[in-house]
Amino acid sequence: MAATPQKPAAATPRRKVSRHRGEGQWAVGHHTPLNGNEQFKKDDDGLNVRTRIETIYSKRGFDSIDPNDLRGRMRWWGLYTQRRPGIDGGKTAILEPEELDDEYFMLRVRIDGGRLTTRQLRVVGEISQEFARGTADITDRQNVQYHWIRIEDVPEIWNRLEAVGLSTTEACGDTPRVVIGSPVAGIAQDEIIDGSSAIDEIHRRYIGSKEFSNLPRKFKTAISGSPLLDVAHEINDVAFVGVDHPEHGPGFDLWVGGGLSTNPKIGVRLGTWVPLDEVPDVWAGVIGIFRDYGYRRLRTRARLKFLVADWGPEKFRQVLQDEYLKRELIDGPPPAEPVERWRDHIGVHRQQDGRFYVGFAPRVGRVDGATLTKIADLAEAHGSGRVRTTVEQKMIVLDVEEDQVDSLVEGLEALDLTARPSSFRRGTMACTGIEFCKLAIVETKQRGSQLIDELERRLPDFDEPLTINLNGCPNACARIQVADIGLKGQLVVNSQGEQVEGYQVHLGGALGLEAGFGRKVRGLKVTSEELPDYIERVLKRFEAEREDGERFAAWAARAGEESLT
């Protein structure tokens with residue numbers, strides 16, 4: 001019998017082998033740009049755009065700007081296009097960039113350490129009035145932001161800022177952003193160490209240098225020797241926190257890998273003690289690791305926090321020592337927990353030299369150019385030539401003689417800048433919001449100001465430290481995850497079934513004392529109109545249910561959902 005012929009074996013489908021391109025880390029040889037942002041940075045360093053702004057764009061106008069400069073490199077000089085008026089939040093994620101762009105810019109003035117002379121502050125205010133329709137918001141990173149800036153006016157604005165020692169250099173972009181510092185550095189009676197010289201040296205060596213002008217994403221730095229932990233060190237890419245070493249004396253504890261946005265992470269200690277004069281070198285080592293090993297393939301994973309999470313603090317410290325510093329770092333102690341709940345320096349405080357500083361609270365960081373010039377005049381009239389901005393969107397006048405304090409406080413009150421704010425005025429922050437920001441979904445600044453007034457009226461005796469942070473989108477510029485009450489803007493459905501502006505609620509976040517992220521209750525969203533009712537209800541439950549001395553964050557962590565809704 002003939003053998004049954006065998007069917008030929010079916011051909012095995014050939015698998016398409018895709019070559020793994022890695023994370024775009026330069027240190028392992030991945031220099032080919034893996035996305036459009038990396039390509040435009042390779043094509044031309046962002047710092048080079050200044051020449052084109054001065055010689056071409058400011059003379060030919062908005063329509064002459066190259067798109068890669070407009071939505072990319074101009075950020076290296078503090079410029080973002082602002083949101084076109086009249087575009088509602090529902091269209092934020094739908095429209096193309098050119099549909100969202102207005103022909104005006106936000107311009108960010110870089111204020112390292114929050115340090116300003118009254119002369120500088122007056123110039124900032126005058127520029128606001130002449131070129132920015134009066135806008136001049138104080139940010140939660142100690143900067144000042146203008147809006148309504150025309151490209152034609154940018155060179156003149158730079159000339160005026162630089163004439164008094166200010167700039168917009170690397171205020172935005174994939175660069176080392178403003179170095180935030182204690183606003184009372186060098187003057188506070190309880191200071192562990194003054195980090196001002198390190199901030200100055202980092203700025204002198206590295207800001208505007210092409211050594212670090214092409215990073216995977218932005219890089220945020222905090223340096224403070226205050227025992228109040230007053231720079232939100234836990235959520236910066238790198239932070240130097242004042243400590244007193246039992247053998248070596250005052251210096252800094254080193255933290256890396258903090259950040260918020262849609263993937264929040266608390267920074268980690270490397271367990272080292274860094275003396276003041278070595279801070280710039282160690283900073284350069286940390287940012288060098290970020291430049292060389294940072295992930296460049298996906299923008300969503302391009303912050304230092306993702307590398308630190310993957311490596312862990314032990315490997316990060318070892319690479320820092322072996323490849324960048326070429327020496328061992330000294331082991332050191334952690335910072336002590338702050339003894340005060342407020343870290344914003346609001347009120348009247350005695351300085352080391354016997355004079356006083358006075359911290360005061362604008363409304364959610366919103367001021368205007370005319371007010372800034374009046375603050376400069378008021379400070380000088382009371383013998384001061386120095387002011388500070390804070391990471392809580394507040395301001396401080398330094399060097400006030402004791403017999404001038406009361407008069408200064410009264411003058412500030414007349415400008416609606418109180419040195420004796422309610423907990424609500426003191427603790428409420430807001431990002432830019434839909435008024436100007438192309439990423440925003442809801443309004444924030446006006447909402448925050450109205451909320452302060454409403455809560456002061458409804459709860460006049462509430463005096464517990466409390467932070468209420470409003471953000472217009474999920475990106476957490478206003479630090480919603482680490483607020484007592486964090487409000488993330490989104491569109492929600494009201495009782496009539498209509499889609500309206502509202503917020504997802506985060507409860508019980510904190511920095512400093514027991515730092516951690518707020519709790520989200522499933523389905524807990526409130527409309528903007530319902531916001532005062534909701535917060536009043538929750539705070540009354542907190543007052544009724546709290547244990548003796550219990551903070552809001554601790555109560556919110558243990559409270560039942562029925563108390564939080």
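1. Let's start with the cysteines: the model holds zero disulfides, a disulfide being a pair of cysteine sulfur atoms within 2.5 Å. C437 is in no disulfide, and its nearest cysteine sulfur, that of C473, lies 5.8 Å away. C477 is in no disulfide either, with the sulfur of C473 as the nearest cysteine sulfur at 6.0 Å. C437 is partly exposed at 25% relative accessible area (buried is under 20%, exposed over 50%, partly exposed in between; 1.4 Å probe, protein chains only).

2. A word on the source: this is a predicted model, where local features need pLDDT of at least 70 and side-chain atom pairs count only at pLDDT 80 or more, while totals for chains, interfaces and linings use all residues. Residues are numbered from 1 along each chain as its sequence is written, and side-chain values use heavy atoms, leaving out hydrogens and water.

3. Next, look for the open sheet of six strands, ordered β6-β7-β8-β9-β10-β11 with mixed pairing. Strands are DSSP runs of E, at least two residues, and helices runs of H or I, at least four, numbered from the N terminus; two strands pair if DSSP finds at least two bridges between them. β6 (176-181) and β11 (330-331) are the edge strands: each has a single partner, so one side of each lacks a neighbour in the sheet.

4. Within this sheet, β9 (249-256) and β10 (268-274) pair antiparallel over four bridges. V256 has V268 in β10 as its bridge partner.

5. Finally, two helices. α8 (279-293) lies across β6, β7, β8, β9 and β10, at about 160 degrees to β7 (219-224). α10 (313-325) lies across β9, β10 and β11, at about 35 degrees to β10. Axes are lines fitted to C-alpha atoms, for helices over the stretch in contact, with angles from 0 to 180 degrees between N-to-C directions; contact means heavy atoms within 4.5 Å.
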